[in-house]
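Have a look at the sequence and the 3D view, then read on.

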Amino acid sequence: MSGLSLGNFVANQYWMSSMFSPSVVGVANAVSAGWANMGCGVAQVAMPLAYSFLLHVGVLDSMACRVVFLLPAGLQIATALATLFFGQDLPQGNFSVVKNRSKHSRKRAIGDFWEIVKEGAGNYRGWILALTYGYCYGVELTMEAIVATFFRERYKMGMEAAGAAAACFGVMNVVSRPVGGMAADVLGESFGMRGRLWGLWLVQTVGGVMCLMLGKMSDSGAPPGLTVTVLVVFAFFIQAASGLTFGIVPFISKRALGVISGMTASGGVMGAIVTQLLFFSGSFGFSRETGISLTGLMILICTLPLMLFYSPQLGGMFCAPLEDYDDLEADYYEFVK
């Protein structure tokens with residue numbers, strides 16, 4: 001179930017990147033993903049309430065914990081049907097209409113598929129973004145998994161109250177990720193790829209500092225109100241970094257965009273898995289507070305490889321493009337090698 005849901009995320013980002021022009025692709029990706037991730041915050045509140053309601057009407061505990069999942073399942077089915085009936089593949093129309101291919105061209109497309117996979121997987125810029133995304137979106141997934149339990153154990157909150165406090169983290173996506181995407185487009189318009197990269201590095205670094213602060217504050221016995229405030233600020237920056245990331249992804253390789261999007265998104269999931277295993281599984285004896293602080297340190301470290309990102313057509317953090325390109329739109333649809 002998780003795999004299919006995250007696979008839908010990759011498809012969504014590829015779809016948005018195909019539908020919108022380079023000047024607004026960052027905010028388009030960020031708004032769609034931000035609203036999607038907001039669902040995590042809503043679930044932190046809605047699922048405990050739905051579970052409590054089922055218990056209240058007499059459903060057995062062992063059954064209620066299963067029946068409650070009909071709520072997200074129904075919503076997923078509804079959105080899938082809406083996409084099927086109302087979605088459009090490309091700005092020009094559905095793919096079957098736009099690309100009326102012959103049998104020969106379809107056979108050739110199969111060969112092109114493996115070439116695209118090879119080119120995408122061999123593009124080191126995609127792996128850099130996979131790493132950095134692992135410590136923005138991956139950290140977001142980690143926090144959404146542990147934060148409700150953290151509030152229950154640290155501040156002795158009930159299930160509903162802890163869920164509401166944890167929801168503050170996820171619900172921030174409705175604002176923070178679109179702001180990150182918008183920032184990517186504004187910086188890209190003014191400074192090109194250099195602006196997008198510096199924006200991502202700065203925002204994600206601030207997120208790492210806030211994560212460190214959250215762990216240290218919690219360890220020192222800060223009151224719950226202050227902890228929630230720092231959590232919200234941390235959420236804003238780390239989620240905005242996710243929006244900035246997918247404001248860069250479409251420019252790495254248009255032809256291999258699906259592969260690059262998948263690599264980046266899977267980096268987010270792997271970052272969450274690694275972070276939880278290292279710092280929150282109990283295998284190494286870290287407290288939750290120490291784990292949060294170490295996660296902040298990992299964010300700072302794993303954001304540094306952005307400095308190695310360079311494209312001859314678009315430049316990097318410290319270097320301009322090799323030459324001026326009069327028609328960026330044309331180059332945008334070619335491999336960036």
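At roughly what angle do the axes of helix α2 and α10 cross? The axes of helix α2 (residues 25-56) and α10 come within 7 Å and cross at roughly 165°. Axes here are lines fitted to C-alpha atoms, for helices over the stretch in contact, and angles run from 0 to 180 degrees between N-to-C directions.

Before going further, a word on ground rules: this is a predicted model, where local features need pLDDT of at least 70, side-chain atom pairs count only at pLDDT 80 or more, and totals for chains, interfaces and linings use all residues. Residues are numbered from 1 along each chain as its sequence is written, and side-chain values use heavy atoms, with hydrogens and water left out.

**The overall picture**

The protein chain has 15 helices and two strands. Helices (H or I, at least four residues) and strands (E, at least two) are DSSP runs, numbered from the N terminus. Of the chain's 337 residues, 43% count as buried; buried means under 20% relative accessible area, exposed over 50%, and partly exposed in between (1.4 Å probe, protein chains only). Among the contacts in the chain with a separation of 6 or more, 76% come from residues 24 or more positions apart. Contact means heavy atoms within 4.5 Å.

An unreviewed UniProt entry lists "transmembrane region" for residues 35-55, 67-86, 127-151, 197-215, 227-249, 256-279 and 291-310. Those positions are given in the numbering used here, feature names are shortened, and annotations may be inferred rather than shown by experiment. How do two of these stretches look in the model? Over residues 67-86 the chain is 90% helix and 0% strand, with end C-alpha atoms 29 Å apart. Residues 197-215 come out at 100% helix and 0% strand, with 27 Å between the end C-alpha atoms.

Two packed helices are described by the angle between their axes and the distance between the axes.

| Helix pair | Axes come within | Crossing angle |
|---|---|---|
| α2 and α10 | 7 Å | roughly 165° |
| α10 and α12 | 7 Å | roughly 45° |
| α8 and α13 | 7 Å | roughly 50° |

Angles under 35 degrees count as roughly parallel, over 145 as roughly antiparallel, 65 to 115 as roughly perpendicular and the rest as oblique. So α2 and α10 are roughly antiparallel to each other, while α10 and α12 are oblique. The pair α8 and α13 is oblique too.

Now for handedness: a crossing is left-handed if the near helix is turned anticlockwise from the far one by less than a right angle, and right-handed if clockwise. α2 passes α10 in a right-handed crossing. On the α2 side, the residues that meet α10 include Val25, Ala30, Trp35 and Met38, and their partners in α10 include Asn173, Arg177 and Asp185. The residues of this contact of α2 with α10 divide into ten nonpolar, five polar and two charged. For these classes, Ala, Val, Leu, Ile, Met, Phe, Trp, Tyr, Cys and Pro count as nonpolar, Asp, Glu, Lys and Arg as charged, and the others, Gly among them, as polar.

α10 also passes α12 in a right-handed crossing. Among the residues making that contact are Ser176, Arg177 and Gly180 of α10 and Phe236, Gln239 and Gly243 of α12. By class, the contact of α10 with α12 has seven nonpolar, seven polar and one charged residues.

The crossing of α8 and α13 is right-handed as well. Tyr137, Leu141 and Ile146 of α8 are among the residues in contact, as are Val269, Gln276 and Phe280 of α13. The contact of α8 with α13 has seven nonpolar, six polar and no charged residues.

**A few single residues**

Which residues does Thr245 touch, not counting those up to four places away in sequence? They are Leu129, Tyr133, Cys136, Leu200 and Thr264. Thr245 lies in helix α12 (residues 224-245) and, at 0% relative accessibility, counts as buried.

Met16 sits in helix α1 (residues 2-19) and is buried, with a relative accessible area of 13%. Leaving aside neighbours within four places in sequence, Met16 is in contact with Val25, Ala28, Asn29 and Ser32.

Finally, look at the loop between α8 and α9, which holds Lys156. At 69% relative accessibility, Lys156 counts as exposed, and its phi is near 55°, a positive value in a residue other than glycine. Most residues other than glycine have a negative phi. Gly158 is found in the loop between α8 and α9 (159-171) and, at 38% relative accessibility, counts as partly exposed.
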